[in-house]
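Subject: Structure handover

Hello,

Here is the structure I promised to pass on. Please open it first, then read my notes below.

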Amino acid sequence: MSNRRRPHEEDDGYERAYKKRRRVPENQELEDRFEVLIVKVGERSTTSLESHLDGLAKVLETDLATYRVKILRILTDCATKYPEKCCIYTTLVGLLNAKNYNFGGEFVELMVKTFKDALKNCQWNAARYALRFLADLVNCHVISTNSLLQLLENMLDASKEDGVPNVRKDWYVYAVLSCLPWVGRELYEKKEQALALLLLNIELYLNKRSKKHVAALQVWSSDKPHPQEEYLDCLWAQIVKLRQDNWTDHHIYRPYTVFDSRLSVALQHNLPNIILPPHHDSLIYPMPSVVFRMFDYTDCPEEPSISPLPGAHSIERFLIEEHLLQIIEMNYFERKDCATQLLKYNMKIPLEYCIVEIIFGELFRLPTPKYLEIFYGSVLIELCKMKPDTMPQVLAQATVILFMRIESMNTACFDRFVAWFAYHLSNFQFQWSWEDWESALKLDLEHPKPKFIHEVLNKCVRLSYHQRIKEIVPPQFAPLLPLKPEPHFKYNQEGGEHLPGFVYAQELINAIKKKQSSPNEIMAILNKIPSSSMDEDGADPINPLKIDVFTQVLLYLGSKSFSHSFAALSKFYKVLKEHIGHTEESQSYVLKSLFELWHDHQQMMAVLIDKMLKTQLLHCSSVANWIFSKEMQPEFTKLYVWEILHLTIKKMSKYVNRVGKELLDAKERLKHVSSESEEESDGEGGKKNEEKISEEVVEKIEEKLEAAQADQKNLFLIIFQRFIMILSEHLVRCDTDGVDFNTHWYKWTIGRLQQVLLAHHEQVQKYSSTLETLLFTQDLEPHILDVFHQFLALNA
């Protein structure tokens, strides 16, 4: 009996532990349920939104004592994650504040912290959403009007700071303006004079600010038929219109008006004095933008059940665009969800027109789109599948509008339009009413319209094959159809046997086709090729014929596919490296030979150059010099040339960034080693030796980074110097001949200069003072200098 366990003793071990563990999931389950209830509020429900909010407020109020921290966290997260439901959540917070004043105070404190953290961490959208939420809490009688006005005035003080970038001032003014549609009416009714003074200060700032950057960010250089307004100017015009309408909008749904009798008696909280984070050179502010406009109410068909498209200066237009952009921001990682949510937007407006305008506006955003270009194309395809009765027609109408206005389109946007249209056609059997564009055939081939068609067909060939595109396109468009993408091996063509390297080319082909051929055998054949020139010492550093024969033969034998070409380059890499060497002259011969072989296959050229840059067979500066060489003049305005230049610049930038990251990691490791050596007294000699080695490694990486940055600077100097030379020569020649300089060639070239500056603005900005000192001097032609000054104004 004495060894018999009592019942409770058996439970002391496993059973009690199990019960304790079981309690945690129950709490977790309830917390998860709160999260679902709060996040999903305002979505489809059998009850009205107001009763849903009222019921949820009562549920949360009951459990505030137990789950206060969790509820606070969920609500503050929702304030910035779901800005489209701002008024729903402010109403919920208002109802909870009316019942529990302390909870309301804690929430305001947490919301202020969220706002300050977002500013500190450069999370500009989150900061703007947090400010809007705080402003809307005034409508729910949670925050006092005076304290909000004080915050808005503090933010406007940032526009009066000296020695800070204009982009910082602009953002703070934009943040204040963008919250006024929500709180403007309340401020107007209770603090009319203070609001008027606030608006006056904004107007004074807007009138004196520089707008040099606007021309560089406009999709079209012409303001007809729709003005391309700078984003702050456009929002200001919309706020002025809202003010004229007594701060009344017809878009924002405000559920708190139903609970006004309960909310109006609640005690309000004062916002603390919020000190804005000071400017620091490491802070990155949002760049200015231009509001994209493609449609107005005349473009949309009239329907009795749908309101006309709001005007460009209507606040409703801003609110619609803001909401659609938020949907894209929340769903950009999944195209189907994004398209579904966009079509669910429940407003009686010409929704398809608004969506298409917003997507094209984001695709054409300068200097670069926010997301990958293919994302916008894939969403448009999903929208056409989901709304086949209306969306394809709206998209076709948009394409026609873009094509009609293409003459004044920004060059970078032209490239994106080409890429999107070809991609879109590839998903719909390349069907298009080409006959409608037949008038373009009568224009000069350098005119944007025929050039657009030619470049689109070129991209279509990449996405399909030449014969198919040839059969689809009407016969009259044959002059714009690209040639069949095939190699032109000069040693196999008619008369090739008379070329100097013919015998050696045939010998090389036979040797390489023997799969047992070694690099030494190939070297022996190449060494037989006589040189056409000797230097002063009788040495033969560069043999153009040898480089030409080997490059042509190697790439021709690998011409079956990209993979075959890569395999050929890989197998004979050492031979190529030895004969190409490290001089730009020898690398220029490789590029010339590559162009001779593949001039009808633009994609192959781009891919092979990319591969040669990766394997360091070519230097970035060699590619840049080749693009601006006389041999490439006939190709200069073709899109693939600039595709190659941009991938070259990106390759260099990635390398610099990689070495920079490597240096930061090495310094971090060195710091870690140093702290360990200080803490440990044992093994001191070993630690010192390890630290010494680490310091040497860091020094080597620093030297490597300096060399990489010097190469990057040199690359930009080469590119911009060549731009300046060819543009200056053109302007002088036109002035001498007494002809108009503003030719199609000039427009393409000045557009490409602007494109390079904008597309790589982060890298170019680092060397802007050097460029200004050496190249973009005050005595330069004003037309060229103006493009550089527009670029500088972006971050001024």
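Start with Asp-436. This residue sits in the loop that links helix 19 (411–426) to helix 20 (448–463). Please keep in mind that the model is predicted. Is Asp-436 buried or exposed? Its relative accessible area is 57%. Exposed means over 50%, so Asp-436 counts as exposed.

Next, the domains. The assignment divides the chain as follows:

- domain 1: 26–211 + 226–264
- domain 2: 312–480
- domain 3: 490–528 + 541–618
- domain 4: 648–673 + 694–793

Taken over C-alpha atoms, the centres of domain 3 and domain 4 are 31 Å apart.

Then there is a helix pair to look at. Helix 14 covers residues 315–331, and helix 16 covers residues 351–363. How do they pack? The angle is about 65°, and the axes are 10 Å apart. Helix 14 is therefore roughly perpendicular to helix 16. The crossing is right-handed.

Which residues meet there? Helix 14 brings Arg-317, Ile-320, Glu-321, Leu-324, Leu-325 and Ile-328. On the helix 16 side are Leu-351, Cys-354, Ile-355, Glu-357, Ile-358, Ile-359 and Glu-362. By class, this contact between helix 14 and helix 16 has nine nonpolar residues, four charged residues and no polar ones.

Best wishes

Key. Residues numbered from 1 in each chain as written. Predicted model: local features only at pLDDT ≥ 70, side-chain atom pairs only at ≥ 80, totals over all residues. Heavy atoms only, no water. Axes fitted to C-alpha atoms, helices over the stretch in contact; angles between N-to-C directions. Helix = DSSP H or I, 4+ residues; strand = E, 2+ residues; numbered from the N terminus. Parallel < 35°, antiparallel > 145°, perpendicular 65-115°, else oblique. Left-handed = near helix turned anticlockwise from the far one by under 90°. Contact = heavy atoms within 4.5 Å. Nonpolar A, V, L, I, M, F, W, Y, C, P; charged D, E, K, R; others polar. Domains from an automatic or database assignment. Buried < 20%, exposed > 50% of the residue type's maximum accessible area, 1.4 Å probe, protein only.
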